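Please read the following account alongside the sequence and the coordinates. It moves from the arrangement of the chains to single residues.

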Amino acid sequence: AVAAGVAQLSDALNTAFLLFAGTLIFQMELGFALLVTGAVRHKSAASVMLLHIVTPCVVGLCYYMFGFALGFGSVSDNNNPVVGSTFWVLTPLAAFDTFTSSHSLVLVWFQFTFASVCATILLGAVSERATLLASMVSIVIVGGLAFPVVSHWMWSEYGWLGYGKLTGRLFGSGAFDLAGSGVVHVTGGTSALVGAILVGPRTGRYGDSSQDSFTPHNVTLICQGTFMLWAGFAAFNSASVLTITDNFVAAGRCLVNTLLAGCAGGLTMLLVSRLTSSHYSVLDVMNGVLAGLVGICSSCSVVLPYSALLTGTLCSLIFSGCEKATARLKIDDPVGAAPLHLGAGVGGMVITGFTAYPPFLRDAFPGRDSHPGGLFYGGDSPGRLLGAQLVAVVSIIAVVVLLIVPPLFGLKLIGLLIYTDEEQLMGADEAFHGGAAYNFNTEETSADMLTTW
Amino acid sequence: AVAAGVAQLSDALNTAFLLFAGTLIFQMELGFALLVTGAVRHKSAASVMLLHIVTPCVVGLCYYMFGFALGFGSVSDNNNPVVGSTFWVLTPLAAFDTFTSSHSLVLVWFQFTFASVCATILLGAVSERATLLASMVSIVIVGGLAFPVVSHWMWSEYGWLGYGKLTGRLFGSGAFDLAGSGVVHVTGGTSALVGAILVGPRTGRYGDSSQDSFTPHNVTLICQGTFMLWAGFAAFNSASVLTITDNFVAAGRCLVNTLLAGCAGGLTMLLVSRLTSSHYSVLDVMNGVLAGLVGICSSCSVVLPYSALLTGTLCSLIFSGCEKATARLKIDDPVGAAPLHLGAGVGGMVITGFTAYPPFLRDAFPGRDSHPGGLFYGGDSPGRLLGAQLVAVVSIIAVVVLLIVPPLFGLKLIGLLIYTDEEQLMGADEAFHGGAAYNFNTEETSADMLTTW
Amino acid sequence: AVAAGVAQLSDALNTAFLLFAGTLIFQMELGFALLVTGAVRHKSAASVMLLHIVTPCVVGLCYYMFGFALGFGSVSDNNNPVVGSTFWVLTPLAAFDTFTSSHSLVLVWFQFTFASVCATILLGAVSERATLLASMVSIVIVGGLAFPVVSHWMWSEYGWLGYGKLTGRLFGSGAFDLAGSGVVHVTGGTSALVGAILVGPRTGRYGDSSQDSFTPHNVTLICQGTFMLWAGFAAFNSASVLTITDNFVAAGRCLVNTLLAGCAGGLTMLLVSRLTSSHYSVLDVMNGVLAGLVGICSSCSVVLPYSALLTGTLCSLIFSGCEKATARLKIDDPVGAAPLHLGAGVGGMVITGFTAYPPFLRDAFPGRDSHPGGLFYGGDSPGRLLGAQLVAVVSIIAVVVLLIVPPLFGLKLIGLLIYTDEEQLMGADEAFHGGAAYNFNTEETSADMLTTW
């Protein structure tokens with residue numbers, strides 16, 4: 001009876017853990033919304049906010065209907081290395097009155113928050129000119145298909161790619177991506193890059209005249225969003241151990257490594273910003289912090305702190321380089337979503353192939369006999385993990401491109417991909433959403449009304 | 001000894017659960033503050049923020065002195081179906097050095113956050129013209145009296161109305177309201193409607209001239225608030241199971257159903273907004289999400305996901321209809337608090353009478369022999385639950401009207417209910433709070449000062 | 001085996017507890033950022049946000065390298081009453097694969113959030129004129145040295161000052177400071193006061209002309225920040241019990257007392273504000289809430305609710321008096337950081353010497369034979385605790401002054417402490433960070449660009 005009590009408590013604790021972690025990760029949606037809203041022009045503010053609240057609405061519905069099934073719908077007699085194929089519309093999962101740690105409704109909630117974050121990434125890159133329809137189609141593709149499929153590859157114990165695969169792991173190792181440098185950020189970042197290229201730059205963005213008018217309309221909002229995201233990443237990364245009951249040491253490691261990677265990214269960009277321009281750019285530092293956080297996702301549970309610092313530093317530099325490259329290529333990405341999530345995400349995945357510390361891998365998967373680990377630590381078969389990481393990155397990019405290009409290109413052909421120049425000039429808020437987001441000059445009218453009243 | 005250790009761990013986990021849930025629910029206060037502040041004119045922004053921070057101050061004091069006692073001050077030898085009557089000023093509760101799950105201080109904290117949310121609802125409806133005094137009186141009435149009394153009826157095991165009543169349940173069923181579609185939202189929404197009617201419209205609101213000057217001053221803030229509230233609802237609804245140790249499966253169900261109801265509400269209003277106007281209204285979508293969340297509160301632990309989708313869809317339509325009705329009746333409710341909380345709250349309570357799934361009710365109350373459940377599932381005595389839900393709605397509306405009309409009407413008689421036309425024209429910030437909330441034009445003055453300096 | 005399972009669950013629960021509490025406390029950084037940003041002029045908004053995100057970056061790095069070592073780097077064979085001296089760069093702590101409640105990585109995360117909050121306090125006081133360099137130096141001093149040292153004195157079981165010292169406690173009692181009225185707020189508040197004095201007032205602040213141009217640029221942001229901080233304090237104070245498994249009753253007490261102190265502080269200042277000026281000041285009420293919260297930190301686990309109300313009331317009055325004093329002394333502290341954190345922090349520490357309730361102290365430290373408690377409860381040796389509290393306050397102020405004056409004074413001597421008058425007039429955003437935070441007038445430019453396009 002006492003043993004049953006312990007087992008029940010264990011289930012309850014793991015449920016509470018994913019419940020709160022999911023709620024804190026859900027707050028990241030607000031972080032993204034603030035960041036992108038602040039980065040666009042004021043005449044698109046309400047439109048951007050709308051898109052960000054529509055994203056979890058759409059992803060929630062898709063994840064319920066088929067997303068969770070594609071991602072985690074595998075059981076021992078119905079497994080598939082590419083996609084899951086049970087639990088459509090959560091049946092019979094939603095009717096269970098018992099708890100299984102790998103197929104409970106709280107896991108649906110938790111994984112939904114990841115799917116939603118993943119689908120949100122693209123919104124920043126295509127903001128101010130992609131149509132509402134194009135954005136919603138992209139959200140369905142990324143949150144409902146791409147993320148679920150990739151998460152199955154990496155995180156399901158039957159997926160072909162992941163470190164936790166039960167048998168026959170890739171290169172005898174499998175790719176390690178605890179919290180999604182690859183699954184979430186490379187997926188979302190690829191969709192952002194493809195989206196930004198397909199929708200093209202905003203009207204007037206690369207004209208001859210000054211580009212001042214494309215400066216962010218509210219830096220304070222951007223900074224608020226960055227803070228919300230940083231706090232969210234603490235939960236995002238540490239809760240990716242899923243069951244706190246037997247991974248609490250690893251969860252603590254995730255917290256410290258996540259913190260240090262963010263710190264290193266921010267301070268690196270503070271320095272780089274000063275060296276490459278005449279000022280300390282607020283936006284560069286914010287993005288540096290985020291690049292560190294994106295990069296450490298994959299390895300936060302299996303590296304030593306100095307590796308986390310290295311990861312944060314390198315990923316912020318990668319971000320900075322990618323951002324300069326997109327600017328040179330005249331790819332208009334108002335928030336730098338592609339450099340941030342794709343650049344730093346790929347960086348994090350690759351760096352993991354060097355930094356993963358074998359004893360911590362063994363700690364995470366005690367049943368396995370061999371843990372080659374990162375190149376820094378040699379071991380008996382160096383390079384196996386790194387190879388798997390590279391295959392993971394290429395595979396993720398490929399599947400996302402394959403899934404998202406056709407529908408967006410189709411929308412382009414029929415003229416439904418982007419707003420017209422006139423609509424962009426007017427601003428989406430005025431053109432499509434009933435008016436401006438900000439109304440600060442109302443006194444005179446009120447005075448007049450009072451007289452007539 | 002091990003069994004005692006398990007019991008202690010169980011108490012600790014339940015405490016931590018309510019501790020964090022309460023903290024996340026407390027953040028909903030910020031959500032309301034942002035939503036209402038964004039929805040009013042800029043000249044009332046600081047005043048609205050002040051009211052929202054005064055609300056938890058007042059409710060906290062009332063809940064300490066008598067609110068918790070009225071709500072949960074019942075023990076086996078001192079029970080009462082209408083109000084609790086022990087634990088005044090938390091004595092001797094606050095001196096306990098042991099934990100009881102039904103009378104611990106962490107429960108006081110948790111239930112306080114509900115009382116505070118409930119009392120906050122009215123602020124949006126009466127904003128920009130109700131006096132500080134009138135607002136504070138309303139907060140005392142709703143947070144200190146109405147919510148505690150109604151929560152006793154529904155959630156105390158001695159209350160006359162609730163599903164969890166130990167003996168002699170209403171119609172042999174009792175009303176089911178897990179997280180407060182009725183207890184929180186019908187209570188708060190009724191106070192909002194009564195308040196908005198009694199204080200009347202803002203000066204100039206329904207004059208002949210354009211109503212543009214009453215458009216929200218900052219849509220971005222409204223959207224921020226909606227995001228905060230959505231995240232809060234995840235904790236609000238799932239933590240309403242109170243003890244996670246023996247309700248963790250139900251908590252997961254709450255999360256998924258709450259998510260789906262919000263998604264359905266938002267997407268429904270996106271469509272409705274486009275069909276009934278020429279644009280996709282940001283505010284309609286935000287309110288649609290919230291209407292779904294309000295509606296699912298009562299049933300989130302006992303329905304299947306498709307019922308949650310249905311609930312969200314219907315409640316957002318009910319909200320939309322009620323909002324049009326209040327506009328036609330020239331009831332000035334700047335944020336639509338009454339349509340949202342009263343409309344969708346009543347909707348949620350009634351729909352529960354159709355959708356409650358008997359096996360989940362049995363799961364929640366395993367000791368009971370009969371669970372008629374919702375009309376959709378027939379059973380041996382259909383309609384008992386629906387009947388109880390209807391009695392609950394009518395009773396809650398009645399008691400709130402009885403409690404709040406006399407004091408507000410009294411204030412109206414002595415001229416202390418609303419600000420004068422001049423004060424409203426000037427704006428509450430300038431008139432009562434020492435100046436405007438926003439000060440963006442300061443450079444010139446600074447330059448002058450520098451010269452003189 | 002079952003007993004081992006219980007022990008493991010206990011470690012897991014305590015880890016999850018500090019994980020989520022730390023994340024909620026980390027959100028307080030955003031609260032501070034919003035509060036200070038709203039309180040300064042719009043031309044410094046981006047600069048202030050930057051400083052607030054740089055703070056956790058710098059503190060994180062310092063805490064990793066030496067902060068945690070100084071604070072908690074003590075083990076039984078290597079203890080020191082003044083500073084810890086093991087675990088430099090978290091070695092070998094970061095390589096542990098087992099959990100110890102007093103030296104785990106999750107504790108590093110949790111204590112880091114306290115260090116970061118402590119270092120942030122000064123930013124408000126020196127804002128708009130201290131250089132980025134001076135701010136960063138201060139952050140290193142406070143977050144990397146002062147807080148760790150003081151936390152060792154008070155919270156390490158080997159520190160010379162604290163109530164939990166294993167043997168030879170100060171005056172046979174030791175000072176009691178559960179959540180840091182002294183360790184966090186007196187430390188941070190002293191640094192704020194010293195900083196504000198050394199950097200001097202902002203250019204033009206105390207000239208003859210009107211001071212209107214120094215009014216906060218966005219009261220809404222200040223209120224948002226206050227809400228974030230209030231929610232954060234709930235986690236900050238209750239999680240300071242560290243191990244929820246054997247302190248869950250105390251945690252509940254912390255929540256209720258923290259709530260009541262905030263309520264009392266806010267309502268007191270609402271009244272005081274009306275009595276001492278012609279209006280209800282929004283900022284006074286916000287600061288009143290915060291003063292109550294700061295004051296109750298030290299005693300929230302060991303006092304009865306009426307003492308919490310008393311603490312909140314007195315600390316808000318102390319804040320108000322200190323704020324008037326700093327204004328009269330022409331110490332320019334744009335957010336009142338020194339009156340708030342130093343004033344109310346000292347108040348809270350001293351009041352604890354009166355209000356600490358012996359049975360609750362016994363509950364917290366069951367192994368000790370004597371608990372004199374606060375003066376209100378007499379006991380066998382009254383005044384011992386109060387004496388220790390006074391020594392704590394004086395010692396903390398002294399060490400902070402000693403640590404922070406030399407480097408800031410040095411920067412002053414070499415002209416790197418503050419921005420020039422011209423730079424201040426232009427605003428830090430324009431002068432150092434690449435442009436204004438707000439860009440609301442972009443249409444015309446866009447129209448021109450469209451023509452050229």
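Which rotation, and how much shift along its axis, superposes chain A on chain B? A rotation of 120° with 0.0 Å of shift along the axis does so, at an RMSD of 0.0 Å, where copies are superposed by least squares on the C-alpha atoms of residues with pLDDT of at least 70 in both. That is the relation of a three-fold axis. The copies use different surfaces, given that 13% of the contact residues of chain A recur in chain B, contact meaning heavy atoms within 4.5 Å. Chain A can likewise be laid on chain C by a turn of 120° and a shift of 0.0 Å along the axis, with an RMSD of 0.0 Å. Here too only 13% of the interface residues of chain A are also interface residues in chain C, so the copies meet through different surfaces.

A word on conventions is needed at this point. This is a predicted model, in which local features need pLDDT of at least 70 and side-chain atom pairs count only at pLDDT 80 or more, while totals for chains, interfaces and linings use all residues. Residues are numbered from 1 along each chain as its sequence is written, chains are lettered from A and ligands numbered from 1 in the order in which they are written, and side-chain values use heavy atoms, with hydrogens and water left out.

Taken by itself, chain A has 15 helices and zero strands; helices (H or I, at least four residues) and strands (E, at least two) are DSSP runs, numbered from the N terminus. Its C-alpha trace spans about 80 × 55 × 45 Å along the principal axes. For 453 residues a compact globule would have a radius of gyration near 22 Å, and the 22 Å of chain A agrees with this; the radius is taken over C-alpha atoms, and the globule rule is 2.2 Å times the number of residues to the power 0.38. Of these 453 residues, 67% count as buried, a class that means under 20% relative accessible area, with exposed over 50% and partly exposed in between (1.4 Å probe, protein chains only). Among the contacts of chain A with a separation of 6 or more, 76% come from residues 24 or more positions apart.

Gln224(A) is placed in helix 6 (residues 219-238) of chain A, and its relative accessible area of 3% makes it buried. Beyond residues up to four places away in sequence, Gln224(A) touches residues of three chains, including Leu34(A), Gln224(B) and Gln224(C). Gly345(B), in helix 10 (residues 337-355) of chain B, counts as buried at 0% relative accessibility. Among the residues that Gly345(B) touches are Ser181(B), His185(B) and Val294(B), and its C-alpha is 8.5 Å from that of Ile296(B), 49 residues apart in sequence.

The loops hold some backbone features of note. In chain A, the peptide bond from Thr91(A) to Pro92(A) is cis, with omega near -5°, and Pro92(A) is found in the loop between helix 2 (45-72) and helix 3 (105-125). In the loop between helix 2 and helix 3 of chain C, Val89(C) has a positive phi near 40° although it is not glycine, and it counts as partly exposed at 34% relative accessibility. Phe171(A), in the loop between helix 4 (132-155) and helix 5 (181-199) of chain A, also has a positive phi, about 55°, and is partly exposed with a relative accessible area of 41%.
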